[in-house]
Every structure is written in structure tokens, then in C-alpha cells.
Amino acid sequence: MSSEIKIINPIEHPNWDNLLLEHDDASFFHTVAWAKTLSESYNYTPLYFTLFRNNKISALVPLMKAV
């Protein structure tokens, strides 16, 4: 089993919402739309610490960096 941790800005990831659809625990608050809302409203940069196993999201910690 291959595992990899990546720090991802979901706004810049071309397939982010589709990856989320494969995870049962994902919610609206993990989507590109929510990341854009916080980014545009508060000037935050989204940094999602994401664990991938076999090219699928296994765990996710969404954080926002104040600019």
C-alpha cells in the first residue's frame, strides 16, 4: 500500500472536488467552493494536509493561512 502526504491548495488542484466524492466523510467544508469563499472573504490561503493511499484521499486536515 502506497501512502503519501501532500499539502494542497484545493483552489489550484484541477480535480479536487472529484477526489472528495470518493471519500465518505467529505463535506461541503472540504470543497473548492468553500475554500474560495474563505480565501476571497478573508484573504486566506487554503493549505489542506492530505494523506493519499493508492491515489485516494485517506485523511485530510484543512487549514487556512492568513496572508
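Here are some questions and answers about this predicted model.

Residues are numbered from 1 along each chain as its sequence is written. The model is predicted, with local features needing pLDDT of at least 70 and side-chain atom pairs pLDDT 80 or more, while totals for chains, interfaces and linings use all residues, and side-chain values use heavy atoms, with hydrogens and water left out.

Q: In what order do the elements of the protein run from the N terminus on?
A: The protein has 2 helices and 3 strands. Helices (H or I, at least four residues) and strands (E, at least two) are DSSP runs, numbered from the N terminus. Read from the N terminus on, the order is β-α-α-β-β.

Q: What is the radius of gyration of the protein, and how does it sit with the globule rule?
A: The radius is taken over C-alpha atoms, and the rule is 2.2 Å times the number of residues to the power 0.38. For 67 residues the rule gives 11 Å, and the protein comes close to that, so it is as compact as a globular protein of that length; its radius of gyration is 12 Å.

Q: Which strands stand at the edges of the sheet?
A: The sheet is open, with 3 strands in the order β1-β2-β3 and antiparallel pairing. Two strands count as paired if DSSP finds at least two bridges between them. An edge strand here has a single partner, so one side of it is left without a neighbour in the sheet; that goes for β1 (3-8) and β3 (56-66).

Q: Which residue of β2 is the bridge partner of lysine 6?
A: β1 and β2 (residues 44-53) pair in the antiparallel sense over 6 bridges. For lysine 6, the bridge partner in β2 is threonine 50.

Q: What angle does the direction of α2 make with that of β2?
A: Axes are lines fitted to C-alpha atoms (for helices, over the stretch in contact), and angles run from 0 to 180 degrees between N-to-C directions. α2 packs on the sheet and touches β2 and β3. Its direction and that of β2 make an angle of about 155°.

Q: Is histidine 30 buried or exposed?
A: Histidine 30 lies in the loop between α1 (16-21) and α2 (32-42). Setting aside neighbours within four places in sequence, it is in contact (heavy atoms within 4.5 Å) with Trp16, Leu20, Asp25, Tyr48, Leu60 and Pro62. Its relative accessibility is 16%, so histidine 30 counts as buried.

Q: Which backbone nitrogen does the side chain of histidine 30 reach?
A: A polar contact is a pair of N or O atoms within 3.5 Å; within protein, one must be able to donate a hydrogen and the other to accept it, and residues adjacent in sequence count only if both atoms are side-chain atoms. Here the distance is 2.9 Å, and the nitrogen belongs to serine 27.

Q: How many Å apart in space are tyrosine 48 and proline 62?
A: Tyrosine 48 is found in strand β2, and it's buried, with a relative accessible area of 1%. Along the sequence, tyrosine 48 and proline 62 are 14 residues apart. In space, C-alpha to C-alpha, they are apart by 4.2 Å.

Q: What is the phi of asparagine 43?
A: Most residues other than glycine have a negative phi. Asparagine 43, in the loop between α2 and β2, is partly exposed at 48% relative accessible area. Its phi is positive, near 60°.

Q: Where does asparagine 54 lie?
A: Asparagine 54 also has a positive phi, near 55°. It is partly exposed, with a relative accessible area of 47%. Its place is the loop between β2 and β3.

Technical notes
Buried means under 20% relative accessible area, exposed over 50%, partly exposed in between (1.4 Å probe, protein chains only).
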